[in-house]
Amino acid sequence: MSETRDLLIEIGTEELPPLALRRLAEAFRRGLDRLMTEHHLEHGKSLAWASPRRLAVQVAGVPLSQPDREVVRRGPNMIAAFDDDGNPTKPAEGFARSCGVAVADLDQLETDKGSFLAYRAVETGKPAGYVIPGLVEQALKALPVPKRMRWGDSDVEFVRPVHWVLLLHGMDILPAEILGVRTDRYSRGHRFHCNEPIDVSEPAAYVETLKEKGHVLADMDARRDAIHDAVLAAGRSLGGSAHIETGLLEEVTALVEWPVVISGGFDERFLEVPSEALVSSMQDHQKFFPVMDESGTLMPHFITVANIESREPQQVRAGNERVIRPRLEDASFFWNQDRRQTLASRATRLDSVTFQQKLGSLGDKQARIARIATEIATAVGSDTGHVQRAAAICKCDLLTSMVYEFPELQGIMGRYYASHDGEDIEVAAAMDEQYQPRFAGDDLPTTLTGQALAIADRIDTLVGIFAIGQSPTGDKDPFGLRRAALGVVRILIERELDLDLHSLIAVAATGFPASLNAGEITGDLFNFMMDRLRAYYLDSGYDTDTFEAVLARQPAKPLDFDQRMRAVRTFRNLPESASLAAANKRIRNILRKAGIDIPDNYDHALLQEAAEQALVTAMEELDTAVSPMFKQRDYTDALCRLAALQAPVDRFFDDVMVMADDAKLRDNRLALLNALSGLFLRVADISRLQG
């Protein structure tokens with residue numbers, strides 16, 4: 001075995017974009033890992049390190065050079081390589097010349113496709129120090145950077161200006177120029193605590209050296225965990241509990257190299273403002289962690305993470321308190337100012353705000369939502385008065401100062417303002433619930449009014465954007481249509497609303513001008529929503545073939561679709577399922593290849609064989625038993641009862657010749673199989689199950 005050494009690459013930069021830091025680090029590691037494998041540098045585990053000023057990858061057990069490899073080039077087929085007298089043909093001679101040898105020096109290669117002329121040679125492996133710098137450059141160029149920058153008079157491009165590059169293989173520097181910088185063995189420490197070169201003796205010492213000498217925690221996971229634990233401890237010391245939002249924790253981790261947790265406070269009078277507005281100010285604008293009491297009520301404290309170990313932490317605390325105060329003052333001012341007008345009084349102004357150029361104003365959208373939501377409320381037995389009132393004011397909070405300043409509070413502030421205006425409690429709740437779910441895994445609306453609004457809003461957007469030809473392409477989805485579609489099916493399924501997607505789309509389509517031909521997109525939009533439904537079930541642990549079996553029946557009601565999915569999942573766990581799935585697949589093939597018009601019904605008088613008579617008896621008994629179950633959509637019990645058909649079905653195929661010479665017998669047996677298949681098709685096409 002060849003000698004191996006650990007490898008370390010560190011790219012030192014100006015501060016990297018925090019929201020992309022982890023993605024960049026992992027992409028760098030995966031890319032380099034893949035390239036090294038492709039270039040025959042087999043290695044051990046790779047690790048990614050990252051901080052605001054560096055991306056680094058450490059790879060265990062990288063050999064000193066590539067191994068020598070046998071290279072085999074395949075030439076013409078042996079039949080075409082020599083004539084009848086055994087002399088080489090022109091294709092053989094041309095192949096030999098391209099390899100730089102005589103035809104006599106070529107070998108013969110045996111494959112499953114025949115014998116071929118072949119050239120074999122040994123390619124000497126290159127030193128790792130020669131190969132690795134180029135692979136590092138390739139991995140860096142492939143990073144997911146939407147916009148690269150140049151600095152100084154250099155043509156080099158990267159996400160941020162590069163100041164140093166460390167490249168060690170074991171204890172040795174691999175000399176090269178990467179991103180316009182010569183490699184060496186020196187890292188750099190913290191910008192304020194130790195902004196000077198730090199000698200890294202070997203890759204294994206990298207993380208500890210930066211920590212001990214440079215005031216840098218290079219391990220992003222360790223840094224995140226340290227921040228998490230310190231913030232929680234600070235919250236406890238304040239008599240409460242720190243609220244740690246995962247996204248904020250990740251962002252703060254990417255903003256600091258040497259985290260130091262510092263607490264602060266603000267005037268209690270600000271607690272009169274809805275806590276969501278204060279929390280938004282603290283989290284989104286200042287990157288502070290709020291503190292809650294035991295009941296979940298916001299306390300007049302916050303926790304921040306500094307990137308420096310100050311000798312005067314009280315000054316840092318005072319500075320943070322000075323910074324947050326104007327933001328809280330703004331929130332307080334907006335809160336008091338907005339309540340001087342009711343939501344309803346703002347409705348007419350929505351007509352002057354464009355929703356989408358071809359789809360009209362927010363006033364137009366609100367009117368369409370009202371019409372769709374009323375239809376939904378009627379269908380599910382909700383209070384249409386509540387729905388119509390909620391729909392009439394559902395977008396009005398978008399015109400408030402608070403939501404203008406904090407767009408993420410849309411709906412939330414609508415709920416507060418509606419309550420202040422004296423609206424019914426369900427109407428007020430619907431102001432917020434119309435936007436649920438806001439993200440994957442988010443809570444769903446709990447009130448029927450909120451559910452009607454949430455569905456209506458999303459269906460209107462989906463139909464409108466599809467009608468103007470702006471459906472998602474590739475990864476691009478500027479209108480969030482995938483999220484909207486998933487939100488609709490989640491609400492319908494998880495809140496058990498028995499609504500038909502085709503009907504919802506049709507109702508929404510009539511709200512748009514005839515010139516848009518919105519009614520023509522029903523099929524495309526339905527298929528789009530089925531794709532979202534597929535993702536929903538696969539994420540929930542269902543198998544692809546289970547989904548395909550149900551999709552084949554095209555149920556238009558997501559709740560009905562869900563009941564069928566559950567039934568098929570239960571059925572496929574039965575011992576009889578594999579045999580019945582195979583039998584149904586066989587039946588579908590027989591019916592497809594029959595090439596005749598199959599009679600609608602079979603004739604009992606033509607049932608000659610005992611096996612077919614037994615099958616019909618079992619089928620008819622079960623049909624009587626399961627028909628009421630199908631009507632009640634008790635698909636699970638129905639399929640489980642149909643599993644009893646396994647034995648008579650197997651016996652039928654063992655004993656009966658379906659494609660008999662007698663046309664009447666053949667057609668009757670085909671009709672029997674068609675009826676058998678139809679029993680299962682009342683739930684799903686189980687022939688699509690893979691076993």
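Asn584 lies in helix 21 (residues 577-593), where helices (H or I, at least four residues) and strands (E, at least two) are DSSP runs numbered from the N terminus. The model is a predicted one, in which local features need pLDDT of at least 70 and side-chain atom pairs count only at pLDDT 80 or more, whereas totals for chains, interfaces and linings use all residues. Residues are numbered from 1 along each chain as its sequence is written, and side-chain values use heavy atoms, with hydrogens and water left out. Asn584 is buried, with a relative accessible area of 4% (buried means under 20% relative accessible area, exposed over 50% and partly exposed in between, with a 1.4 Å probe and protein chains only). Residues up to four places away in sequence not being counted, Asn584 touches Ser677, Phe680, Ile686 and Ser687, contact meaning heavy atoms within 4.5 Å.

An open sheet is formed by 4 strands in the order 13-15-16-14, with antiparallel pairing; two strands pair if DSSP finds at least two bridges between them. Strand 13 (241-242) and strand 14 (260-265) stand at the edges and have a single partner strand each, so one side of each is left without a neighbour in the sheet. Helix 6 packs on this sheet, touching strand 13, strand 14, strand 15 and strand 16, and its direction makes about 145° with that of strand 16 (axes are lines fitted to C-alpha atoms, for helices over the stretch in contact, and angles run from 0 to 180 degrees between N-to-C directions). Helix 8 lies across strand 15 and strand 16, running at about 10° to strand 16. Strand 15 and strand 16 run antiparallel and are joined by 3 bridges, and Phe302 in strand 16 is the bridge partner of Pro290.

The buried residues of helix 7 (residues 246-255) are Leu248, Leu249, Glu251, Val252, Thr253 and Ala254. Their cover includes helix 1 (21-38), helix 6 (220-237), helix 8 (275-285), strand 15 (289-292) and strand 16 (298-306).

Helix 8 also gives the most to the lining of the largest pocket, with 6 residues. At least two residues of that lining are supplied by each of helix 8, helix 10 (362-380), helix 13 (412-420), helix 15 (448-467) and helix 16 (481-494).
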